[in-house]
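Please read the following report with the sequence and the structure side by side. It moves from the strands and their pairing to a single residue and then to a helix in the other chain.

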Amino acid sequence: MFVHLEATMTDSTPGDTAPPQGSDADIPAMQKILDNPFLLLFLGIMFPTVLYIVWGVMEIVTIPLSH
Amino acid sequence: MTTLSPPAERIWWKQPLDRLEGTWIAIALVWSLIMFFMMPIWHVYGKQNLSNEAYKTTPEAYMAKVQAMVDQHTVRKETDLQLPVVKPPPGSDVYMLGRLWQWWPLLELQKGKTYRLHLSSMDWQHGFSLQPLNVNMQVVPGYEMVLTITPDTSGEFTVICNEFCGIGHHTMVGKIYVTP
């Protein structure tokens, strides 16, 4: 399928490239999180561990005794 | 659109959302929400995935409770193996155990009455599966699961094991009779 690459790829306005220097405020918070691989690594390990392993073990150890 | 060349450097979050992409996201979101809410709806209204209570026990302690019920409320014996059929009073605690390779004892319950069905295993993990309703509960030694059940149809219901437990797994069949 041959499409005019020019037409589809250049939908950016002139000057609309990398964020202007020194303006951290322009990058949304979510994008900053996604830009930080070590933060993502931490979250990717922490969330499943807490929600599954830690919560699961807490539930199991608090099972009441049968009478 | 093509991925043969790297994306143009631009602030992607300032690009207007492509209409097709927006539609796709909306459809995927709606379907995800439908599937998510079907889970609690099925749990509450489906009468198949039941909430259970769980208690810590031992096979010996649980066996004692099952035996006590069998001693008190056996009404007859069935098959060559003389398996007891137990008819407990409505509203009471009913006990069934799973062991290699048997669901014991057989139960006779009354339609429209509520019972607390206790389940545990004597040895290995088994899968309590009430057919044809397909109500399923995993049954493990050391833990006593309690299901609150109210039979709403009379007839014969079969209990099979749906957690593979060895050479006799397919012979593990129990029965629950529901009288009108």
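## Sheets, a helix across them, and an open helix

In this predicted model, strand β11 (residues 155-161) of chain B is joined to β12(B) by 6 bridges, the two strands running antiparallel. Within that pairing, Val159(B) has Gly174(B) of β12(B) as its bridge partner. Strand β12 (residues 173-179) of chain B is also joined to strand β6 (residues 106-110) of chain B, in this case by 4 bridges and in the parallel sense, with Leu107(B) standing opposite Ile176(B).

These strands belong to an open sheet of 7 strands in chain B, whose order is β2-β3-β6-β12-β11-β8-β9 and whose pairing is mixed. Its edges are formed by β2 (74-78) and β9 (135-139) of chain B, and because each of them has a single partner strand, one side of each is left without a neighbour in the sheet. On average, and with direction ignored, neighbouring strands of this sheet are turned by 20° against each other. The partner of β9(B) is strand β8 (residues 126-131) of chain B, which pairs with β9(B) in the antiparallel sense over 5 bridges, and here His126(B) stands opposite Val139(B).

Chain B holds another open sheet, this one of 5 strands in the order β1-β10-β7-β4-β5, again with mixed pairing. Here β1 (53-56) and β5 (102-104) of chain B stand at the edges, and since each has a single partner strand, one side of each lacks a neighbour in the sheet. From one strand to the next, the twist averages 25°. Inside this sheet, strand β4 (residues 93-99) of chain B and strand β7 (residues 115-121) of chain B pair in the parallel sense over 6 bridges, and Val94(B) has Leu117(B) as its bridge partner in β7(B).

| Strand pair | Sense | Bridges |
|---|---|---|
| β11(B) and β12(B) | antiparallel | 6 bridges |
| β6(B) and β12(B) | parallel | 4 bridges |
| β8(B) and β9(B) | antiparallel | 5 bridges |
| β4(B) and β7(B) | parallel | 6 bridges |

Helix α2 (residues 59-73) of chain B lies across β2 and β3 (83-86) of chain B, where it runs at about 75° to β3(B). The helix α2(B) also lies across β4, β7 and β10 (143-149) of chain B, running at about 125° to β4(B).

On the scale of the whole chain, chain B is divided into domain 1 (16-45) and domain 2 (53-179), and the C-alpha centres of these two domains lie 40 Å apart.

Val30(B), by contrast, is 107 residues away from Met137(B) in sequence and 31 Å away in space, C-alpha to C-alpha.

In chain A, helix α3 (residues 37-61) has 25 residues, which at 1.5 Å a residue should span 36 Å, and the 35 Å between its end C-alpha atoms agrees with this. Of the 25 residues of α3(A), the number buried is 0, so the helix lies largely in the open.

Key
Residues numbered from 1 in each chain as written. Chains lettered and ligands numbered in written order. Predicted model: local features only at pLDDT ≥ 70, side-chain atom pairs only at ≥ 80, totals over all residues. Expected span 1.5 Å × (residues − 1). Buried ≥ 20, exposed ≤ 12 C-beta atoms within 10 Å, placed from the backbone. Pairing = 2+ DSSP bridges. Axes fitted to C-alpha atoms, helices over the stretch in contact; angles between N-to-C directions. Contact = placed C-beta atoms within 7 Å. Domains from an automatic or database assignment.
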